There are 2 protein chains.
Amino acid sequence: MDANELNDKGKKMIDFVSSYWQTIRSRRALSVVEPGYLDTLLPNEAPLKAELWEDVLRDVEQLIMPGITHWHSPHFHAYFPTGNSYPAICADILSDAIGCIGFSWISSPACTELEMKMMKWLGKLINLPSQFYTPTNAGGVIQGTASEATLVSLLAARSKVIKDKNLSFQDINSTKMVVYCSDQAHSSVERAVMLLLMQCRKILSDSEHRMNVKALSEAIKKDLEEGLTPTMCVATLGTTSTCSFDDLTEIGKICNEQNVWMHVDAAYAGASFICPEYQYLMEGVQYADTFNFNPHKWMLINFDCSALWFKDSSFMVEAFNVDPVYLQHVNQKVVLDYRHWQVPLGRRFRSLKLWFTMRLLGVEQLQNHIRKSIKLAKDFEKLVCQNPDFEVVNNVILGLVCFRMKGDNSRSKKLLEKITADGKIYLVPSEINGVYFIRFAICSWFTNEGDVNEAWSTIESLSKDISMQETF
Amino acid sequence: MDANELNDKGKKMIDFVSSYWQTIRSRRALSVVEPGYLDTLLPNEAPLKAELWEDVLRDVEQLIMPGITHWHSPHFHAYFPTGNSYPAICADILSDAIGCIGFSWISSPACTELEMKMMKWLGKLINLPSQFYTPTNAGGVIQGTASEATLVSLLAARSKVIKDKNLSFQDINSTKMVVYCSDQAHSSVERAVMLLLMQCRKILSDSEHRMNVKALSEAIKKDLEEGLTPTMCVATLGTTSTCSFDDLTEIGKICNEQNVWMHVDAAYAGASFICPEYQYLMEGVQYADTFNFNPHKWMLINFDCSALWFKDSSFMVEAFNVDPVYLQHVNQKVVLDYRHWQVPLGRRFRSLKLWFTMRLLGVEQLQNHIRKSIKLAKDFEKLVCQNPDFEVVNNVILGLVCFRMKGDNSRSKKLLEKITADGKIYLVPSEINGVYFIRFAICSWFTNEGDVNEAWSTIESLSKDISMQETF
């Protein structure tokens with residue numbers, strides 16, 4: 001807690017990380033270390049005496065950096081983006097130095113109140129219907145991840161079922177509760193269902209990788225006939241495999257009719273709604289009970305910052321309220337205590353990241369970032385389409401292009417192996433209905449047109465000796 | 001992602017936060033803003049154009065700081081400490097700038113491997129039996145909070161019950177599963193049980209605020225007779241109200257005999273075990289299945305960093321394994337993927353904080369911090385004992401003193417109201433069996449002997465006109 005040491009070493013750290021960003025272009029995107037590489041490079045015990053700053057930094061460069069897969073490299077095109085920007089990093093420094101734990105309003109009023117305000121800014125910015133942040137029980141909260149947002153929504157949905165059916169504790173049977181999502185929903189949906197001991201019904205998606213709404217309707221009907229309890233339906237905007245979009249209006253009508261909690265997972269795609277021209281993608285969101293997207297993915301905010309809105313938070317807030325004397329405070333009836341809105345008790349001052357980033361970059365720069373990413377993806381799509389040996393397998397709406405070599409899966413598998421071995425760019429595959437393909441996501445702010453052209457040249461040249469013979 | 005902006009603004013931020021630490025002593029520990037204070041001070045929408053850095057920093061000082069309850073003020077004695085130090089902040093800057101998401105080994109091998117190593121360093125440092133980190137399925141993982149560590153342990157315990165009893169999915173009835181803890185366990189235990197729809201049995205504590213082991217044994221027996229399933233028992237080392245210590249050996253024997261998962265919650269007290277002279281407090285830990293403490297409380301690591309060890313992680317790791325193609329990698333059979341060890345999928349590079357702090361401060365400075373806090377608490381205890389109008393109600397072992405004015409609760413309530421209104425120091429109350437008392441925790445690294453003396457002078461002088469009449 002020495003302010004002078006913080007001043008000195010903090011600035012040295014800033015020098016180090018600025019230089020990291022300056023050199024990131026020249027680093028191999030995907031780490032090539034072997035499993036267990038670090039174990040023998042480090043001593044087996046913590047040192048008794050303080051070590052020198054210079055020695056630690058040297059080890060960061062020599063021991064840690066080779067084991068980093070550089071998510072912000074311009075050549076990183078795997079998974080989905082994770083955000084970063086100087087305002088978000090500065091806000092995190094401030095959050096760390098203040099170091100308050102915002103579990104209740106009184107434990108740092110600004111921590112709760114800035115979060116409430118930022119969730120309104122964000123809601124307005126993406127044009128989320130005001131039902132999600134204006135009524136008394138409505139509101140937004142920052143969760144750590146989309147996985148947690150799904151889990152929290154499911155806990156709320158379960159509480160609603162219990163309340164609606166007026167179930168006594170002994171009568172609650174989670175194994176009869178059913179959660180619906182498409183077979184393209186993120187794996188964390190299935191996991192949340194497993195954690196809560198419910199059943200997960202994966203509804204087949206159509207040829208566009210959207211949930212088959214008729215199949216959803218039939219599944220709910222069948223489950224009701226069998227005495228099961230339809231509890232929640234997760235609709236995805238921007239699936240992980242192909243960035244497809246479920247039809248919220250059609251799904252929403254069914255959910256509302258059947259009194260099934262509707263959760264919208266827009267983890268990646270949600271950030272694009274800060275651009276008015278992409279807001280059509282969430283048409284029907286007014287039917288939802290909860291809506292979630294991750295500013296930490298594509299809005300230049302660093303992990304973790306996942307935004308979740310409730311139309312009626314009481315199903316979460318009141319259902320799991322434990323209120324020991326040491327956490328009570330005189331204002332708790334007139335303010336909200338975010339500890340009731342989440343699984344953990346403790347929480348960091350994460351709204352500072354949203355505030356700093358929205359103010360210091362301005363909405364325009366954030367929009368530019370989204371638009372640039374999408375343009376680069378469109379550029380890449382064109383390049384793929386120009387080569388008759390390749391095909392694009394998704395409808396490229398945002399920043400993800402899914403492509404493959406025509407013919408047997410083995411060709412694309414072989415190609416990805418070669419890309420990975422080459423190491424210039426990092427991509428991951430996916431597979432739908434037995435069709436294997438490669439995902440190319442625009443992730444880093446650093447990625448530019450030249451990078452995309454070069455990436456395609458690399459892919460194309462590595463593909464050249466993968467003959468059609470690979471299909472046999 | 002502009003490295004120059006990061007360099008410039010990052011250093012300005014470091015200047016700002018160093019100066020915050022330098023002025024923290026003069027700031028009122030407890031914020032006195034009114035609920036809703038911030039709402040009207042901020043615009044209702046995010047700005048379209050980028051704003052100036054100077055304007056944002058000015059607002060931090062003028063709008064945010066008044067709403068901060070300063071957890072690192074030398075006059076903050078509420079709740080329990082939350083850590084902070086320059087090495088931890090520097091490590092977080094590095095973690096933010098690298099910005100990798102460590103859900104799988106390949107997504108950044110160093111992120112997984114450094115965490116494995118740090119959890120070994122930490123385990124050795126507190127003298128945790130090697131059963132928790134040496135066998136193949138054993139190991140440590142960084143969770144966000146102790147609440148999540150308890151939840152994850154309970155999920156593992158539930159999986160073990162399902163496996164041991166060879167239950168089919170339909171036969172699982174969580175409402176018949178029972179979790180035991182003392183009535184002094186942290187509220188997050190009851191909450192984890194609610195989240196998983198189980199029953200929580202709060203075992204009465206004895207006059208020393210330790211779980212009554214005989215009552216535990218009887219409760220388990222009774223539940224078994226009634227066809228319920230004893231699933232987990234949480235033993236606490238360092239309870240929140242009074243920092244009391246459950247008897248791990250006696251509880252452990254019962255748990256092992258009855259095949260009940262034993263989780264040890266040492267959230268606060270665990271850090272003291274880095275000093276050999278306090279390791280006796282966890283005698284019997286070898287009986288536990290999971291052990292948790294929060295380096296982010298008392299080990300100068302900033303939130304979040306909660307250390308959880310499993311003797312056998314497979315009950316968590318294998319029970320909830322979802323493995324989509326886009327997260328698979330060639331090495332996943334020979335390395336561990338921490339995403340299976342926790343509730344969320346994404347995770348930050350938090351082990352850097354442990355590594356930086358242990359190396360740059362050295363074990364000795366960490367031990368000094370623990371010892372200094374305990375000495376200050378002992379000093380405060382002496383001061384309280386010298387005033388015949390006061391009594392100490394807990395056994396002061398670590399850094400928490402619980403005291404009250406003799407006589408009716410209303411006297412201590414009145415006193416705490418006056419302390420809060422005076423605003424020099426910040427304390428919170430607790431209550432056990434109808435006895436209300438005030439907690440005085442040594443929290444900040446900045447707190448010194450003079451501060452403790454002054455705090456006591458303040459308390460004593462505010463108590464002077466609280467006559468015994470307050471008892472009627």
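By what turn, and with what RMSD, can chain B be laid on chain A? The turn is 180°, the shift along the axis is 0.0 Å, and the RMSD is 0.0 Å.

Some conventions before I go on. This is a predicted model, where local features need pLDDT of at least 70 and side-chain atom pairs count only at pLDDT 80 or more, while totals for chains, interfaces and linings use all residues. Residues are numbered from 1 along each chain as its sequence is written, chains are lettered from A and ligands numbered from 1 in the order in which they are written, and side-chain values use heavy atoms, with hydrogens and water left out.

Now the interface between the chains. Chain B puts 148 residues into the contact and chain A puts in 149, with contact meaning heavy atoms within 4.5 Å. The size of an interface is often given as the accessible area lost when the parts come together. Here chain B and chain A bury about 13500 Å² between them, and 68% of that is on carbon and sulfur atoms. Buried area is the accessible area, with a 1.4 Å probe, that two parts lose on being put together, summed over both.

There are 11 salt bridges across this interface; the rule asks for a side-chain nitrogen of Lys or Arg within 4 Å of a carboxyl oxygen of Asp or Glu. Glu364(A) and Lys49(B) form a salt bridge through their side chains, at 3.0 Å from N to O. Polar contacts join 64 residue pairs between chain B and chain A, both residues at pLDDT 80 or more. A polar contact is a pair of N or O atoms within 3.5 Å; within protein, one must be able to donate a hydrogen and the other to accept it, and residues adjacent in sequence count only if both atoms are side-chain atoms.

Which elements of chain B give two or more residues to the side that touches chain A? Among them are helix H1 (3-23), helix H5 (146-164), helix H11 (351-386) and strand E10 (428-432). Helices (H or I, at least four residues) and strands (E, at least two) are DSSP runs, numbered from the N terminus. H1(B) gives the most, with 17 residues. By class, that side of chain B has 82 nonpolar, 37 polar and 29 charged residues. Ala, Val, Leu, Ile, Met, Phe, Trp, Tyr, Cys and Pro count as nonpolar, Asp, Glu, Lys and Arg as charged, and the others, Gly among them, as polar.

Next, inside chain A. On the domain 1 side, Arg25(A), Arg28(A) and Leu30(A) supply 56% of the area buried against domain 3, more than any other three residues. The two domains share 1 salt bridge. Arg25(A) and Asp451(A) meet in a salt bridge at 2.7 Å, N to O. Residue pairs in polar contact between the two domains number 4.

Last, some local geometry. Most residues other than glycine have a negative phi, and most peptide bonds are trans. The bond from Phe303(A) to Asp304(A) is cis, with omega near 10°, and the bond joining Phe303(B) and Asp304(B) is also cis, with omega about 5°. Tyr79(B), in the loop between H2 and H3 of chain B, has a positive phi near 50°.

Asp304(A) also meets Arg350(A) in a salt bridge, 3.0 Å from N to O. Arg350(A) lies in the loop between helix H10 (314-317) and helix H11 (351-386), and Asp304(A) in the loop between H9 and E7, so the pair ties together parts of chain A that are 46 residues apart in sequence. Over all chains, the structure holds 62 salt bridges.

Conventions. Copies are superposed by least squares on the C-alpha atoms of residues with pLDDT of at least 70 in both.
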